[in-house]
Structures are given as C-alpha cells and as structure tokens.
Amino acid sequence: MKKKLLSAILSVAMVATLLAGCGSKATTEAAPAAAEEAAPAADAAAEEAAPAADAAGGLVGVAMPTKDLQRWNQDGENMKSQLEAAGYTVDLQYANNDVATQVSVLENMIANGCQLLVVASIDGSALGTVLEQAKEAAIPVIAYDRLIMNTDACSYYASFDNYKVGTMQGEYVRDALDLDNQAGPFNVEFFGGDPGDNNALLFFGGAMDVLKPYIDEGKIVVQSGQKEFAECATASWSTENAQSRMENIISSYYADGTKIDAVCCSNDSTSLGVQNALDSSYNAEWPVITGQDCDIANMPNIIAGKQSMSVFKDTRDLAAKTVEMVDAIMKGGEAPVNNTTDYDNGVMVVPSYLCDPKFADKDNYKELLVDSGYYTEDQLK
C-alpha cells in the first residue's frame, strides 16, 4: 500500500500557525515612569512565559455520531474528562446519527475557533467538504475509531485493531464448532454493521477471512445465501433492523426446525437483535453467537452464556491515547503512531495508533469489566 504520509514540515508549520493565533494577550496600566522601569523586566518575563502559555490549553472539538449507542456516550465522556484533566477546553457534540447534522456541528466548531478536531464520523465518506474548511484554517483532524475517507484533511487516525476484532469473532466460531476436526456441515449466518462505517467492513472482512475457507469446503453452509457484506449489513447498527432481518431468515430457512449452529455478529447491538429474534421465533438448540463492545444491555446474556462472547474495546484506553495525540499536536509536535502502512483512506495512508481489543465471555467478564472499574456489578444485573 503506497505511503502518503503527511509532511512533517507541513505538520509543524500548520500547528505553529495554529498556536500563534491562540496566544493570550494581557495589558496593564501604570504610571509612565514606573512602566518604563518595569518594561525590560516585563518583556523578559513575557518572553520566558510565552512558550508555556502557547503550549497550554486550547479549544478542542469532539464530534461523536450518536447517543443512541451506549459506547459513543462512554467515548464522548471519557474523551471530555481526560482532555479537561489535561488542561483543554472541550466542545463535545453529538449528531443524532445524521450526516447533515454532523457536518453542521463541524462547521460550527471551525467557526467557533476550535484548534483541533476529534471526529467519530457517521459516514466516513461524507465529510470531505467540511474538512476542507478545517484544512484551510490549519486545524488538524484526528479520525476517532472510524477512518475518514477520501480526503487529505485527515491528519491522524486513532482506533482499535478492527480487522483483529473480526478475526477474533471468526476464530471463536471456528473453534466453538471445531471446524478443523468436524465434518459438518454447520449452518452459520452473518450480521454486519452499518455500510457507512468503514470499520464495519473491517469487522466483517476479518471474520470472513477466517471462515470463508470452511464455506468453500462445504463445512459451513449459509442457508440464507447471504454471504456478502452488502447482504449482511445492518443500517445504523440498529438492534431493530438486525432483529427484523433475523426473523425473516428464521421464517424463510429455519422454520422447519433446522438448527442454526452459529451467528457471527459484528457487534453487540446487532447481536442483541439476533437474540431477540431467536427468543421469539426459534425453537431449536441455541447457537453460538458473537458480539463486540460488552454493552450493558448484552451483559446478562453474556454472563448466562447465551451470547457466547464479545470483544471488549476499552474506550478509556482509546481516549487516553487520543488525548496523548492531541497534546502532542497542540504543543507543536507529531502524534504518536504505531501503524503507517495499513489505513489508506483513498487519498492518503493515514498515520494511525491502534489499541488492542480483548476477548470477553462469561468466564472473564468480572476481571475484565468489574474489577477494572469499567462497570459496577450492579450495572450488569
């Protein structure tokens, strides 16, 4: 994949321009004689203090997609609290999962003097025009968790290894069904995420890369025939949309009692919809079911073993790394990254930092989620 990294010189110049524009000014009045005597000392003190003043604080815009999914509320609050603890003023806005609203939010952030933008996009391909405004104003942009596509105005990307999330789900299905040793065939259905979210393609692709060889071999049969991402996608990651599709699959292909051996779901909201459909419409043995995010709504089923697993992405870790990136940029440096080859947005390879996802199930959830302080025990009852 061809590298098209941002020029270090351009980055430094951009941030220097930004910082120069946000320096504070103070004026004091004094008697002329006193002012003349104090001037040299005051000038020296000002020169010494200027770098620290320029490096400290600043207004950061944080644009999140929606409050409808639990994880974005957690992401937004984690980001806001950690940025404020680092000395920044934060403009946190949600966009009701509406692209036009998010564009308007970003326009306002730019107009109101935000010096850096952290953007979790609704549709990663729909922000090119508004982010051109940010680029013209020398405002750096960090794509948060979802890669922003088809623009060179995206300075950095902070996320989890989302392809790995998919491979973890696919490997779990593989191992749970013992596909390397059993002849099958096993009936498996697939539920992907929102088509406008680039991560949905990574999740689905990671899982399918693990499981497609078994489909080709005939050990896995997809009774619905729906194996392509476009056929399996779930608009807005909606639980209701996933439930409706699963109910249709059950009534069309499994109404005669045919067993569903596994449902590979890209996240917990789609997984919950699948489980709701199974509860209402399915009478055979409960299948293996995957998920992601360890949502509170899913945790009772995970604890009971009804949802087989989830992939935990600790948003505190991602927020902390993003704050570190913000701090480096705002102080005129380059953000820390650990991947400069794999995230091509169609215009450039975006320098990225990827956090590690973690496996979660009924056996380790307490250590992973409760003992770490991510949830309280009462929240999961």
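Reader: Which residues of helix 10 are buried?

Author: In this predicted model, the buried residues of helix 10 are Asp-268, Ser-269, Thr-270, Ser-271, Leu-272, Gly-273, Val-274, Gln-275, Ala-277 and Leu-278. Each is called buried because its relative accessible area is under 20%.

Reader: What makes helix 10 largely enclosed by the rest of the structure?

Author: Ten of its 14 residues are buried, so helix 10 is largely enclosed by the rest of the structure. Its buried residues pack against strand 6 (186-191), helix 9 (239-253), strand 8 (262-265), strand 9 (288-289), helix 11 (299-303) and strand 10 (310-312).

Reader: How do you know that the span of helix 10 agrees with 1.5 Å a residue?

Author: The expected span is 1.5 Å times one less than the number of residues. For the 14 residues of helix 10 (residues 268-281), this gives 20 Å, and the end C-alpha atoms are 20 Å apart, so the two values agree.

Reader: Why is the meeting of Lys-80 and Glu-84 called a salt bridge?

Author: The criterion is a side-chain nitrogen of Lys or Arg within 4 Å of a carboxyl oxygen of Asp or Glu. Lys-80 and Glu-84 meet at 2.7 Å, N to O, so the pair qualifies. Both residues lie in helix 3 (residues 70-85), four residues apart, about one turn of the helix. An α-helix has 3.6 residues a turn, so residues three or four places apart point the same way.

Reader: Why are Lys-80 and Glu-84 called partly exposed?

Author: Partly exposed lies between under 20% for buried and over 50% for exposed. Lys-80 has a relative accessible area of 26% and Glu-84 one of 38%, so both are partly exposed.

Reader: How do you know that Asp-145 and Lys-313 meet in a salt bridge, and what does the pair tie together?

Author: Their N to O distance is 3.9 Å, which is within 4 Å, so the pair counts as a salt bridge. Asp-145 lies in the loop between strand 4 (141-144) and strand 5 (156-160), and Lys-313 in the loop between strand 10 and helix 12 (315-330), so the pair ties together parts that are 168 residues apart in sequence. Asp-145 and Lys-313 are both buried.

Reader: Which residues does Asn-73 touch, and what is its accessibility class?

Author: Asn-73 is found in helix 3 and is partly exposed, with a relative accessible area of 24%. Not counting residues up to four places away in sequence, Asn-73 touches Lys-67 and Tyr-94. Touching requires heavy atoms within 4.5 Å. The C-alpha atoms of Asn-73 and Tyr-94 are separated by 9.0 Å, and the two residues are 21 residues apart along the chain.

Reader: How many cavities are there, and which residues are closest to the centre of the largest cavity?

Author: The count comes to four cavities of 30 Å³ or more. The largest cavity holds about 140 Å³ of space. Of the 15 residues that line the largest cavity, the closest to its centre are Arg-71, Arg-146, Trp-237, Asn-267 and Asp-293. Helix 3 and helix 7 (198-217) each supply at least two residues of this lining.

Reader: How do the residues of the lining of the largest cavity divide into nonpolar, polar and charged?

Author: The lining of the largest cavity divides into four nonpolar, four polar and seven charged residues.

Key. Residues numbered from 1 in each chain as written. Predicted model: local features only at pLDDT ≥ 70, side-chain atom pairs only at ≥ 80, totals over all residues. Heavy atoms only, no water. Buried < 20%, exposed > 50% of the residue type's maximum accessible area, 1.4 Å probe, protein only. 1 Å grid on protein atoms, 1.4 Å probe; cavity = no way out; pocket = protein on both sides within 12 Å on 5 of 7 lines; lining within 4 Å. Points joined across faces, edges and corners; volume = space filled by probe spheres on them. Nonpolar A, V, L, I, M, F, W, Y, C, P; charged D, E, K, R; others polar.
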